[in-house]
Amino acid sequence: DDASPPRHALLRDRHLAIVGIAGVAVLVLVGWWVLAGRPERIDEPVAIAPSSESATAPVVDELVVDVVGAVARPGIVTVPPGSRVHEAIEAAGGLVGQPDTTSLNMARELT
């Protein structure tokens, strides 16, 4: 009598082990993908200590902004103080095509 399990049982066990390892690998990769794709929270810069220069800062008569991405004329544009993101985009010739702008706050004031 041969006490070893039949050959097809060994193949089935190996197959289950390989499928199990592959499943765990897929779960790890999906978990990493979900966590890595989370947007970072970016807070506004906060002054640590008041600067003596900030009290005597000159009045700005224009803002210089570098506009990149899906615009007609990417590059440096100038806009008046108090301008919003959408105004800088328009100064760069407006959007080209149908880019996803959901991550932009178009009403945010430029500083």
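The unreviewed UniProt entry annotates residues 15-35 as a "transmembrane region"; UniProt positions are given in the numbering used here, feature names are shortened, and such annotations may be inferred rather than shown by experiment. In this predicted model, local features need pLDDT of at least 70, side-chain atom pairs count only at pLDDT 80 or more, and totals for chains, interfaces and linings use all residues. Residues are numbered from 1 along each chain as its sequence is written, and side-chain values use heavy atoms, leaving out hydrogens and water.

**The annotated stretch and its helix**
- Over residues 15-35 the chain is 100% helix and 0% strand, and the end C-alpha atoms lie 30 Å apart.
- Helices (H or I, at least four residues) and strands (E, at least two) are DSSP runs, numbered from the N terminus.
- V30 sits in helix α1, which spans residues 7-36.
- With a relative accessible area of 45%, V30 is partly exposed; buried means under 20%, exposed over 50%, and partly exposed in between (1.4 Å probe, protein chains only).
- Together, V26, V30, W32, W33, V34 and L35 make a nonpolar surface patch of about 700 Å².
- Patches are made of residues with over 30% relative accessible area and no salt bridge, joining like charges within 9 Å and nonpolar side chains (Val, Leu, Ile, Met, Phe, Trp, Tyr) within 5 Å.
- A salt bridge is a side-chain nitrogen of Lys or Arg within 4 Å of a carboxyl oxygen of Asp or Glu.

**The whole chain**
- The chain has 3 helices and 2 strands, in the order α-α-β-β-α along the sequence.
- Of its 111 residues, 14% count as buried.
- The accessible surface comes to about 9600 Å², with 61% belonging to carbon and sulfur atoms; areas come from the Shrake-Rupley method with a 1.4 Å probe, and for residues only the protein chains shown count as cover.

- A70 lies in the loop between β1 (63-67) and β2 (75-79), and A70 is partly exposed because its relative accessible area is 35%.
- Not counting residues up to four places away in sequence, A70 touches G94, L95, V96 and P99; contact means heavy atoms within 4.5 Å.
- A70 and L95 are 25 residues apart in sequence, yet 5.7 Å apart in space, C-alpha to C-alpha.
- S83 lies in the loop between β2 and α3 (85-91).
- Is S83 buried or exposed? S83 is buried, as its relative accessible area is 5%.
- Beyond its neighbours within four places in sequence, S83 is in contact with R108, E109 and L110.
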